[in-house]
Amino acid sequence: MNWNAKDMDTYMQQKEYIDTLLVPLLKLETNPENMKSSSSSTEFLMYLSTFMESQFKGRILLLPPFSYTQSMDLEIFAETLQQDINLMDFKHVFYLTTDSNWTSSKLDDVIWLPSIPLESMDKQLRQKIIEDQLRQVLPLLTKKWSD
C-alpha cells in the first residue's frame, strides 16, 4: 500500500492486517561532486521500496521518502521522525536506507543496503538485482514478523 488517498481508504478498513510501515531514508547530497551518486542511490532505494511494497501489498504501507542533507543532524532527525511515526501505531517499522550512518542511529530496525547503480542496466537485469536485494532483506522482515 502506498501513501495515497485510495490506498489509505483500504488501510483504514483493514489496518489490523497492515502491520508494517516501510520508511525510505534518502540522503540528498548537495555538493556537486556527490550529486550523481546521491541520485543513483535514490533511484536504487526507490526501486527497491516500490518493489517491496508490491510484493507485500496488504501487509506493508510504504511512506513517501524522507529526504535529508549531509549537514542535518541525524540524531535529532531520527528522534523526531521516530516520535512522529510512533503515533501511527504500526507493529513493525522498517527504515530502509543506503546511508550507512543510519546503522549507528537510535532508530530501531534500520535496513542498510549498499547502493547499486541501476541507471545503465537494462530492465531485466535491474529487476533481477532488485529481486536479489529483496531476498537479502526478506529474512530480516520475516524474523520481525514472527516475533
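Lysine 106 is found in the loop between E4 and E5; helices (H or I, at least four residues) and strands (E, at least two) are DSSP runs, numbered from the N terminus. This is a predicted model, in which local features need pLDDT of at least 70, side-chain atom pairs count only at pLDDT 80 or more, and totals for chains, interfaces and linings use all residues. Residues are numbered from 1 along each chain as its sequence is written, and side-chain values use heavy atoms, with hydrogens and water left out.

With a relative accessible area of 61%, lysine 106 is exposed. Here buried means under 20% relative accessible area, exposed over 50%, and partly exposed in between (1.4 Å probe, protein chains only). Leaving aside neighbours within four places in sequence, lysine 106 is in contact with Glu75 and Gln82, where contact means heavy atoms within 4.5 Å. Leucine 118 is 12 residues from lysine 106 in sequence, and the two C-alpha atoms are 30 Å apart in space.

The loop between E4 and E5 also holds aspartate 109. Its phi is near 55°, a positive value in a residue other than glycine. Aspartate 109 counts as partly exposed, at 27% relative accessibility. Aspartate 89 also has a positive phi, near 60°, and is not glycine. Aspartate 89 is in the loop between helix H3 (74-86) and E4, and is exposed at 69% relative accessible area.

**Overall fold**

The chain has 4 helices and 5 strands, in the order α-β-α-β-β-α-β-β-α along the sequence. Its radius of gyration is 15 Å, close to the 15 Å that the globule rule gives for 147 residues, so the chain is as compact as a globular protein of that length. The radius is taken over C-alpha atoms, and the rule is 2.2 Å times the number of residues to the power 0.38. Along the principal axes, the C-alpha atoms fill a box of roughly 45 × 40 × 30 Å.

Of the 147 residues, 41% count as buried. The chain exposes about 8,500 Å², and carbon and sulfur atoms supply 54% of this area; accessible areas come from the Shrake-Rupley method with a 1.4 Å probe, and for residues only the protein chains shown count as cover. Among contacts between residues at least 6 apart in sequence, 73% join residues at least 24 apart.

**Nonpolar cores**

In soluble globular proteins, nonpolar side chains tend to be buried together. A nonpolar core is a set of buried Ala, Val, Leu, Ile, Met, Phe, Trp, Tyr and Cys residues joined through side-chain atoms within 4.5 Å. The largest one in this model has 23 residues, and Met52, Leu96 and Leu141 have the most contacts inside it. At least two residues of this core come from each of strand E1 (20-28), helix H2 (35-55), strand E2 (60-62), strand E4 (92-97) and helix H4 (123-146). Helix H4 gives the most, with 6 residues.

Not counting residues up to four places away in sequence, methionine 52 touches Leu22, Ile60, Leu96, Leu134, Val137 and Leu141. Apart from this core lies another of 20 residues, among them Met1, Leu25, Phe77 and Ala78.

Serine 49 is in helix H2 and is buried, with a relative accessible area of 0%. Beyond neighbours within four places in sequence, serine 49 is in contact with Leu22, Pro24, Leu62 and Leu96.

**Aromatic pairs**

The structure holds 5 aromatic pairs. Rings of Phe, Tyr and Trp (its six-membered ring) pair if their centres lie within 6.5 Å; planes under 30 degrees apart count as stacked, over 60 as edge-to-face and the rest as tilted. Two of the pairs are listed below.

| Pair | Centre to centre | Angle between planes | Class |
|---|---|---|---|
| Phe56 and Trp145 | 5.2 Å | 70° | edge-to-face |
| Tyr68 and Trp102 | 5.4 Å | 85° | edge-to-face |

Phenylalanine 56, in the loop between H2 and E2, is 89 residues from tryptophan 145 in helix H4, and their pair links distant parts of the chain. Phenylalanine 56 and tryptophan 145 are both buried. The charged end of arginine 59 sits over the ring of tryptophan 145, 4.1 Å from its centre; this requires NZ of Lys or CZ of Arg within 6 Å of the ring centre and within 35 degrees of the ring normal.

Tyrosine 68 is in strand E3 (residues 66-69), and tryptophan 102 is in the loop between E4 and strand E5 (110-112), 34 residues apart. Tyrosine 68 is buried at 2% relative accessible area, and tryptophan 102 is buried at 0%. Ring pairs link Tyr68, Phe77 and Trp102 into a cluster.
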